[in-house]
Amino acid sequence: MNRDCVQSSSVLDRVLVLEMVRVTEAAAIAASKWIGRGDNDSADAAAVEAMRTELNKLPMDGTVVIGEGERDEAPMLYIGEKVGSAQGSGPKIDIALDPLEGTSLTAKAGPSALAVLAIAESGCLLNAPDVYMEKLAIGPGYAEGVVGLDKSPADNVRSLAKAKGVEAYEIIACVLDRPRHDKMIAELREVGCGIKLIPDGDVAGVMATADPDTDIDIYMGSGGAPEGVLAAAALRCVGGQIFGKLLFRNDDEVGRARGWGIDDLDRVYSVTEMARGDCIFAATGVTHGSLLKGVSRRKECVTTESLVMRASSGTVRRVYAEHYKLGSRRSL
């Protein structure tokens, strides 16, 4: 799999890769207590507090540049929040996070809810308000210009099919199942494109384009900007292209964007403009899905499955963990 070459960051070396997994594991385990309980806010709040607690244990001077919850007034790790135990003295780290990507999925015991986190050196992750973003993503191995937000959905499918050496009907697109996508879905079906509709979880949807074990060729549609930045960080590690354009519904959202220094409201961001330099991405499954198994509770322990990836090395680690209650583990 082709990957962009990026220089290893000595700053990120001071924050161990596996420490990121501990953060997402804690959020996933906390959220899992609310699987199937029908309470979105409680599941989100549990994940937020667990992630905040673990982040504050790490020896870093961290700043949340992409947070969650601003859009729908859910509990949040807010944009600009400082985390880490070494404020003013530790390595300066930018953090993009979604403690529970798929709150509704968790509440309804649906598939593929995740706890996700990405970190990079200060200034390397897109700092944007929690608004919507139009997204378009494909996996690795394609030349630049094959797809783009300046093309229609149908033209993107035709172009991708030509680059792949197949017919348009052999392309599978992943799309969030939302009424706002009805027109796009109809256009895609007119050219014969197959469509996988997902109820939530567009970080996993974007990542599926780079996973050879899935049939997903392209991701398109609008969703949260935080998820767009997180997905970009993931693709920095495993390869692929993603394009994002912020969408503003009212003057308040435009004002928030300008407050974060965004003046070009029509700018289309590439993967390296959303996540530059060396990045570390971590995700832990909350509910079972095609990307990761969810949290499982046993008599003596809780099990988790996680991914942790780094852009500079191209390393992808799958981490299976058993979390035993204090004093419950049998002597080996």
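The following is a conversation about a predicted model of a protein chain.

Colleague: What kind of model is this, and how are residues numbered?

Modeller: This is a predicted model, in which local features need pLDDT of at least 70, side-chain atom pairs count only at pLDDT 80 or more, and totals for chains, interfaces and linings use all residues. Residues are numbered from 1 along each chain as its sequence is written, and side-chain values use heavy atoms, with hydrogens and water left out.

Colleague: What is the mean pLDDT of the protein chain?

Modeller: The mean is 90, and 91% of the residues reach 70 or more; pLDDT is the predictor's confidence in each residue, from 0 to 100.

Colleague: Let us turn to α2 and α3. How do their axes cross?

Modeller: The axes of helix α2 (residues 17–32) and helix α3 (residues 40–55) come within 8 Å and cross at roughly 155 degrees. Axes are lines fitted to C-alpha atoms, for helices over the stretch in contact, and angles run from 0 to 180 degrees between N-to-C directions. The two helices are therefore roughly antiparallel to each other, a term for angles over 145 degrees.

Colleague: Is that crossing left-handed or right-handed?

Modeller: α2 passes α3 in a right-handed crossing, that is, the near helix is turned clockwise from the far one by less than a right angle.

Colleague: Which residues meet there?

Modeller: On the α2 side they are R22, V23, T24, A26, A27, A30 and A31, and on the α3 side A43, A46, A47, A50, M51, E54 and L55. By class, this contact of α2 with α3 has 11 nonpolar, one polar and two charged residues. Ala, Val, Leu, Ile, Met, Phe, Trp, Tyr, Cys and Pro count as nonpolar, Asp, Glu, Lys and Arg as charged, and the others, Gly among them, as polar.

Colleague: What about T106: buried or exposed?

Modeller: T106 is buried, with a relative accessible area of 0%; buried means under 20%, exposed over 50%, and partly exposed in between (1.4 Å probe, protein chains only). T106 lies in helix α4 (residues 103–107). Leaving aside neighbours within four places in sequence, its contacts include A31, W34 and A43.

Colleague: And how do α5 and α6 cross?

Modeller: Their axes come within 8 Å and cross at roughly 40 degrees. That makes α5 oblique to α6, and the crossing is right-handed. P153, A154 and V157 in α5 meet M184, E187 and L188 in α6. The residues of this contact divide into five nonpolar, no polar and one charged.

Colleague: Where is A163, and what does A163 touch?

Modeller: A163 is found in helix α5 (residues 153–164). This residue counts as partly exposed because its relative accessibility is 44%. Not counting residues up to four places away in sequence, A163 touches Y142 and V146.

Colleague: Why does R189 count as exposed?

Modeller: R189 is exposed because its relative accessible area is 51%. R189 is placed in helix α6 (residues 182–190), and touches I195 and L197, not counting residues up to four places away in sequence.

How values were computed:
Helices (H or I, at least four residues) and strands (E, at least two) are DSSP runs, numbered from the N terminus. Contact means heavy atoms within 4.5 Å. Angles under 35 degrees count as roughly parallel, over 145 as roughly antiparallel, 65 to 115 as roughly perpendicular and the rest as oblique.
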